[in-house]
Amino acid sequence: MSALREKTRIIDQDGIRRALTRIAHEIIERNKGTDNLVLIGIRRRGVPLARRLAEKIKEIEGSQVPVGVLDITLYRDDLSTLGYQPVVRQTEVNFSIEGKKVVLVDDVLYTGRTTRAAMDAIMDLGRPRNIQLAALIDRGHRELPIRADYVGKNVPTARLELVEVLLVEIDSVDEVVIMEKT
Amino acid sequence: MYKHKDLMELKELTADEINFLLDTAVPMKEVISRPIKKVPTLRGRTVVNLFYENSTRTRSSFEVAAKYLSADCINISSAASSVAKGESLYDTARTLQSLGADVIVVRHPMSGAPHLLAQVVKAAVINAGDGTHEHPTQTLLDLFTVREHRGEIAGLTVTIVGDILHSRVARSGIWGFTKLGAEVRVCGPPTLMPPGLAQTGARVFYRLEEALVGADVVMMLRIQKERQQQGLFPGLREYSRLFGLNRERLALAKPDALVLHPGPLNRGVEIAHDIADGPAAVIEEQVTNGVAVRMALLYLLTGGGAHSEADY
């Protein structure tokens with residue numbers, strides 16, 4: 001297994017906070033308020049990001065937006081080729097998404113396959129009015145016709161690089177780094 | 001982590017492996033609770049139910065579990081197959097292998113038959129009950145049900161009552177609950193008690209009242225009427241009088257004790273009507289949880305078994 005080396009730190013704590021504040025404003029503006037709006041974080045790091053966005057939306061608009069948790073493992077398209085079964089965790093969407101405007105929240109948008117899996121998972125839970133996508137980082141290299149509606153930062157990367165989003169809730173630090181295979 | 005190719009018995013599993021199976025069943029239960037109970041996970045995989053003994057709930061539970069995960073499921077019962085023409089287990093297994101089975105779920109009246117099968121096929125083999133050996137998925141669903149109610153198995157007292165000698169449910173139950181840290185008591189007529197139970201860590205009781213005192217979980221086993229013809233107990237009425245669970249006896253257990261039964265029930269024999277339908281009984285939950293546990297197992301056995309947090 002090749003080792004990973006930290007190449008650059010591209011966003012720090014303040015950068016993440018500012019990006020999320022801007023995305024929160026954009027979500028409210030685009031949806032003309034928070035009526036019928038729900039946020040669904042994709043495990044793992046989309047979950048704390050969705051919770052933070054809900055906090056910010058509450059600060060701005062004064063209304064609490066429901067936050068759900070989605071585990072997309074059962075919807076992956078590579079299960080038969082992986083040779084192992086990844087750990088399945090629980091999906092917790094304790095509200096109806098019927099007719100709702102669903103904002104999917106993920107940390108890094110890369111091939112688009114996670115988003116495809118998440119959309120299929122959402123559809124199995126009900127029929128939302130629409131699905132939007134928010135990602136803290138868009139690193140390019142899409143393999144499917146998918147784009148984000150809200151992006152914290154576009155980061156051009158090489159395929160050999162790895163973008164790691166670290167969040168206080170999970171990693172005890174807020175930052176985004178690019179790792180390089182050595 | 002679950003690294004075995006098959007599931008044969010709980011005796012060979014570690015507490016960590018059992019807990020990992022149970023943890024994986026939690027998200028599966030969420031899938032069952034949805035209006036649309038279907039995920040695409042095992043699309044294109046084939047699960048074969050190979051049953052050499054009658055079964056309603058175990059067979060349909062595996063079938064439903066496979067279908068909720070989008071696997072294709074084939075049911076073969078011995079009466080309606082080449083087995084009735086005298087085909088050996090070995091040849092049947094090779095045929096299923098050639099048909100492309102990914103998982104073979106087998107129930108057989110001979111202890112050890114699933115082991116034989118597992119050695120000759122590449123497919124994952126699940127023991128759905130073999131002779132008087134083990135019935136591991138039954139115990140996994142029992143453990144899952146108790147864990148949902150109590151949070152933890154460790155420290156609980158579990159009393160298993162009935163025909164311990166012939167019961168694969170009892171044997172798997174003793175291993176499973178003991179490995180997760182419960183104290184297991186077994187109780188039944190001396191003629192239906194196997195020798196050597198002390199080695200498993202289970203304590204043997206011959207009086208139900210003593211076995212029930214302070215129990216957190218009471219597991220009643222089905223008494224099979226043909227054992228009476230073998231002279232192992234005098235009659236159903238006497239069995240019921242000595243070993244049947246009724247309200248007075250259940251009162252000896254903890255106030256919040258759970259009553260489990262693997263089914264099918266002999267109402268009025270090993271369990272009174274008002275107990276089977278009462279608040280302590282979790283028999284219907286056991287059936288639902290059986291599907292979740294079997295989904296988890298099918299999922300884990302169709303991969304290499306290892307797991308990773310790898311990015312996607």
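I began with burial in chain B: 57% of its 312 residues are buried, where buried means under 20% relative accessible area. The model is a predicted one, and I read every value below as computed from it.

Next I looked up the surface. Chain B has an accessible surface of about 12800 Å², and carbon and sulfur atoms account for 52% of that area.

Then I checked overall dimensions. The C-alpha trace of chain B spans about 55 × 50 × 40 Å along its principal axes. I noted a radius of gyration of 19 Å for chain B, which agrees with a compact globule, because 312 residues packed that way would give a value near 20 Å.

For secondary structure, I found 12 helices and nine strands in chain B. On contacts, I took the pairs in chain B that lie at least 6 apart in sequence; 73% of these contacts join residues at least 24 apart.

Last, I turned to the second largest pocket. Its volume is about 680 Å³. I found 25 residues lining this pocket, and those closest to its centre are Glu53(B), Arg107(B), Arg168(B), Arg222(B) and Gln224(B). Which elements give two or more residues to the lining? I noted α2 (57-68), α6 (168-179) and α8 (226-229), which belong to chain B. Sorting the lining of the second largest pocket by residue type, I got 12 polar, eight charged and five nonpolar residues.

How values were computed:
Residues are numbered from 1 along each chain as its sequence is written. Chains are lettered from A and ligands numbered from 1 in the order in which they are written. This is a predicted model: local features need pLDDT of at least 70, side-chain atom pairs count only at pLDDT 80 or more; totals for chains, interfaces and linings use all residues. Side-chain values use heavy atoms; hydrogens and water are left out. On a 1 Å grid over the protein atoms alone, a cavity is a set of points where a 1.4 Å probe fits but cannot get out, and a pocket is an open set with protein on both sides within 12 Å along at least five of seven lines; lining residues have an atom within 4 Å of a point. Grid points are joined across faces, edges and corners, and a volume is the space filled by probe spheres set on the points. Helices (H or I, at least four residues) and strands (E, at least two) are DSSP runs, numbered from the N terminus. Ala, Val, Leu, Ile, Met, Phe, Trp, Tyr, Cys and Pro count as nonpolar, Asp, Glu, Lys and Arg as charged, and the others, Gly among them, as polar. The radius of gyration is taken over C-alpha atoms; the globule rule is 2.2 Å times the number of residues to the power 0.38. Buried means under 20% relative accessible area, exposed over 50%, partly exposed in between (1.4 Å probe, protein chains only). Contact means heavy atoms within 4.5 Å. Accessible areas come from the Shrake-Rupley method with a 1.4 Å probe; for residues, only the protein chains shown count as cover.
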